[in-house]
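Thanks for making time this morning.

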Amino acid sequence: MNEKLPSEALAFDRQHIWHPYSTMIAPPPVFPVVAADGTKLTLADGRQLVDGMSSWWSVIHGYNHPRLNEAAHQQIDNFSHVMFGGLTHAPAIELCRRLVEMTPEPLSKVFLSDSGSVAVEVAIKMAIQYWHARDLPEKHKLVTLRGGYHGDTFGAMSVCDPVTGMHEIFTHILAKQFFVPQPQCRFEEAWDDSDIKPLEKMLAENHQRIAALILEPIVQGAGGMWFYSPQYLNRARELCDTYNVLLIADEIATGFGRTGKMFACEHGEVVPDILCLGKALTGGYLSLAATLTSSHIAETISAGGAGCFMHGPTFMGNPLACRVACASIDLLLDSPWQERVQAIESKLRSGLAPCKDLVPVKDVRVLGAIGVIELHKVPDHRVLQRQFVDKLVWIRPFGRLVYIMPSYIINEEDLDFLLGKMVEVVGDL
Ligand SMILES: *Cc1c(COP(=O)(O)O)cnc(C)c1O
């Protein structure tokens, strides 16, 4: 179903509508999409772009998927929403059953919310309420890694990298948290135990005030697309146990197979105390997120002075989103997703290899279905964006990074096309 977008509509957009991290003075062009199907975005002028972004990690099965469409239609024809206070419904129950089944023990209690940032707020509040209930209210700070990104709301912003996390101007009003350097040991590299020393020192000195360590396991996303050693994760888990600090794994970007494992924590031997999921949860159809924790933590919180967990968004457990999430998870589990992600990974490795020798390129790295070119300098994003669209690919550079994370269903031809255009555009810099 193609809708036309007259130029007046685009003028209205420029005049009145904020886009993510956008300016209202001479905003960069936005490209009007009139259809999206599989791995293709159709622009209003009829051009078809091969999508390299999966709409920020989320559209893992491609756009306009018949099974997800069907699930959404069925739920709409039944009911789209009811409040979750005092009511429940099969879509939420079925989704939480799946989440409990597919995540490791002892994660067994699920809090549903509307977006990744809120899932992080919920995780932070769980950690703080947990220690409060254990009569250790002074344990209310968080420790986190430099280079991290956890969302745009205030609690989440407080644990984003103060510089690359995009929230520098709020630094003085955000809760002050503890930061340790970004892990240096890369994913494939031999482990060097000195990498964990800053975290060890930080926890040794400050654990009485720290409720939790929050991190993105293995892959730091929007803070710099950095892949670090699973041993870091394993050592961090040990240290959390030693120092009585909870471990919050933010798998909002990495969850549901993106790194080659269902959850990135599986690259190590780590089970977090609290797990945040979002992005690909509904296959990119609707905004939905989940925060999981153990019975022990949930029951401790519930037995505390407050008598309950202090959170409850209006659209909590939205049935439409839950129904589509169930369908998306079933689709993933019924598919050979591991082989697909592996095949994408090897193509990314071979396709991006020629970039390593290009003058403007600082580093090339690949993990699972994520391919990253890091440049020495921040390029002119407007120019690059235009070039990519002119070459019929949708790739959105960010900072010094040009990266793709395609849907798992992308075929060889489309992936070759994306990679070819990446090499061309970066080569022309
Ligand atoms: C995107 C992201 C978030 C925030 O999710 P939103 O749905 O944008 O609020 C949090 N953590 C990580 C790791 C993310 O990639």
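Let me begin with how the elements are named: helices (H or I, at least four residues) and strands (E, at least two) are DSSP runs, numbered from the N terminus. What you see is a predicted model, in which local features need pLDDT of at least 70 and side-chain atom pairs count only at pLDDT 80 or more, whereas totals for chains, interfaces and linings use all residues. Residues are numbered from 1 along each chain as its sequence is written, and side-chain values use heavy atoms, with hydrogens and water left out.

Tryptophan 57, which belongs to helix H2 (residues 54-57), has a positive phi of about 75° although it is not a glycine.

Now to the helix packing, where axes are lines fitted to C-alpha atoms, for helices over the stretch in contact, and angles run from 0 to 180 degrees between N-to-C directions. Helix H10 (residues 319-334) and helix H3 (residues 66-78) have axes that come within 9 Å and cross at roughly 155°. That makes H3 roughly antiparallel to H10, given that angles under 35 degrees count as roughly parallel, over 145 as roughly antiparallel, 65 to 115 as roughly perpendicular and the rest as oblique. On the H3 side, the contact (heavy atoms within 4.5 Å) is made by residues including Leu68, Ala71 and Ile76, and on the H10 side by residues including Leu320, Val324 and Leu331. By class, this contact of H3 with H10 has nine nonpolar, two polar and four charged residues, where Ala, Val, Leu, Ile, Met, Phe, Trp, Tyr, Cys and Pro count as nonpolar, Asp, Glu, Lys and Arg as charged, and the others, Gly among them, as polar.

H10 also meets H4, and here the axes come within 8 Å and cross at roughly 40°. Among the residues that make this contact are Leu95, Leu99 and Met102 of H4 and Cys322, Cys326 and Ile329 of H10. The contact of H4 with H10 has 12 nonpolar, no polar and four charged residues.

Further along, the axes of helix H12 (residues 381-390) and helix H13 (residues 412-427) come within 10 Å and cross at roughly 140°, and H12 and H13 are therefore oblique to each other. Leu384, Gln387 and Phe388 in H12 meet Lys421, Met422 and Val425 in H13.

Finally, which residues surround the ligand? They are Ser115, Gly116, Ser117, Tyr149, His150, Gly151, Glu216, Asp250, Ile252, Ala253 and Lys279, where a residue is counted if one of its heavy atoms lies within 4 Å. Some of them make polar contacts, that is, pairs of N or O atoms within 3.5 Å. An oxygen atom of the ligand lies 2.9 Å from a backbone N or O atom of glycine 116. A polar side-chain atom of serine 117 is 2.6 Å from an oxygen atom of the ligand, and for lysine 279 a side-chain N or O atom is 2.6 Å from an oxygen atom of the ligand.

Terms used: Polar contact = N/O pair within 3.5 Å; in protein donor to acceptor, adjacent residues only side chain to side chain.
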